[in-house]
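Hi,

Here is the structure I promised to pass on.

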Amino acid sequence: MLLSLFLFLSSCDNNSKLNSEAENLDINLDVERFDLQFAKTSPDELPALKSKYPNLFPNQVPDSLWIAKMQSDLQQEINTEVQKVFPDFKEEKGRIEHFFKYAKYYFPEYKIPTVYTLAEEVNYKQKLVLTEDALLISLDNYLGNGHKFYQGLPEYIAFQQDVEFLISDIAEAFAMQKFNPKRSRTFLSDMIYHGKILYLKDLMMPFESDAAKIYYSKEQLKWAEENETEIWSFFVERNLIYSTDNRLEDRFINLAPYSKFYLELDNESSPRIGQYIGWEIVRDYMDKYPNTSINELLELQSDVIFKKSKYKP
């Protein structure tokens, strides 16, 4: 009974965040399973495949390399593993379509790209690429964090190699297209920069969990929520807020197994905690100024957001 009640309340909470106008938009999402077509193509059929997908075959790459890739044992194993996890793409297409409804709602001029699925060689640094007219998704990076392909990766990186984070990756790439990367050198500016990205995810993927938005486990999100006051006190007491020490990025912003307070609790802490604090600051600002448009928010200086948010965890 308790589990049923919890699931019901969780569902109600997620539904309350949905935007009915965005939900009712009708969009057309084209998905091309290029990975499947490449897997079944013989060397003799390569010219026809290149003709069908010219944008996926750079001119500087000779046919001999494509043929060698087709025939390699590694590529054939990758093809097999990808097809096991993604025999079809219906559920993932539905989630991506859901995201692009919100993209179209908040940015009406946005042109929905064609999705191309790939089976590459597990480059976790480039899981997908979003351009003006194409979204390229390397499915080999979404096979599940326990997959054998990721055994050589650090655990905190392998954790993100899961389809649970696909929409978050797309939203991140989308945000990169909308943001001005220029910002001041302060720790506050870094926190709020990432806080804006996460707030954009709040708006554009309300059907996904907060943990998925920030690449946390449920336990990591809980730790951040329960320790927010102490974290903020730590930053304030050590005069880190307006610090320009670039080492703070590696300690509290960048990809890492945990945040580095240089305390005994470090191994228990959630990673990238500076991003989480920036998220909470931006949320507080938007709670106080709900009529601020997305474009206005993206252009606002971090100092203005911080002072007007009156952030106090």
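By exposed I mean over 50% relative accessible area, by buried under 20%, and by partly exposed anything in between, with a 1.4 Å probe and protein chains only. The buried residues of H5, which runs over 63-71, are Trp 66, Lys 69 and Met 70. Down the helix axis these fall within an arc of 100°, so they line one face of H5; the arc is that of the directions from the helix axis to the C-beta atoms. Their cover includes helices H3 (34-39), H4 (46-52) and H6 (73-85).

Before the rest, some housekeeping. This is a predicted model, so to speak of local features I need pLDDT of at least 70, and side-chain atom pairs count only at pLDDT 80 or more, while totals for chains, interfaces and linings use all residues. Numbering runs from 1 along each chain as its sequence is written, and side-chain values use heavy atoms, with hydrogens and water left out.

Now the overall picture. The chain has 17 helices and four strands, both being DSSP runs numbered from the N terminus (helices: H or I, at least four residues; strands: E, at least two). Its radius of gyration is 21 Å, close to the 20 Å that the globule rule gives for 313 residues, so the chain is as compact as a globular protein of that length. That radius is taken over C-alpha atoms, and the rule is 2.2 Å times the number of residues to the power 0.38. The C-alpha trace spans about 65 × 50 × 45 Å along its principal axes, and 48% of the 313 residues count as buried. Of the contacts (heavy atoms within 4.5 Å) between residues at least 6 apart in sequence, 63% join residues at least 24 apart.

Further along, H13 (residues 228-237) has Glu 228, Ile 231, Trp 232, Phe 234 and Phe 235 as its buried residues. Seen down the axis they fall within an arc of 155°, so they too line one face of their helix. Among the helices covering them are H10 (187-204), H12 (218-226) and H15 (273-288). Just after H13, Asn 239 takes a positive phi of about 55°.

H12 is also where you will find Ala 224, which is buried at a relative accessible area of 0%. Leaving out neighbours within four places in sequence, Ala 224 is in contact with Tyr 216, Ile 231, Ser 270, Ile 273 and Tyr 276.

Another buried spot is Ser 168, with a relative accessible area of 1%, in helix H9 (166-178). With neighbours within four places again set aside, its contacts are Lys 201, Met 205, Ala 212, Lys 213 and Tyr 215.

Last, the loop between H14 and H15. Most residues other than glycine have a negative phi. Tyr 262, in that loop, has a positive phi of about 60° although it is not a glycine. Arg 272 is in the loop between H14 and H15 too, with a positive phi of about 50°. Which of the two is buried, and which exposed? Tyr 262 counts as exposed at 59% relative accessibility, whereas Arg 272 counts as buried at 5%.

Cheers
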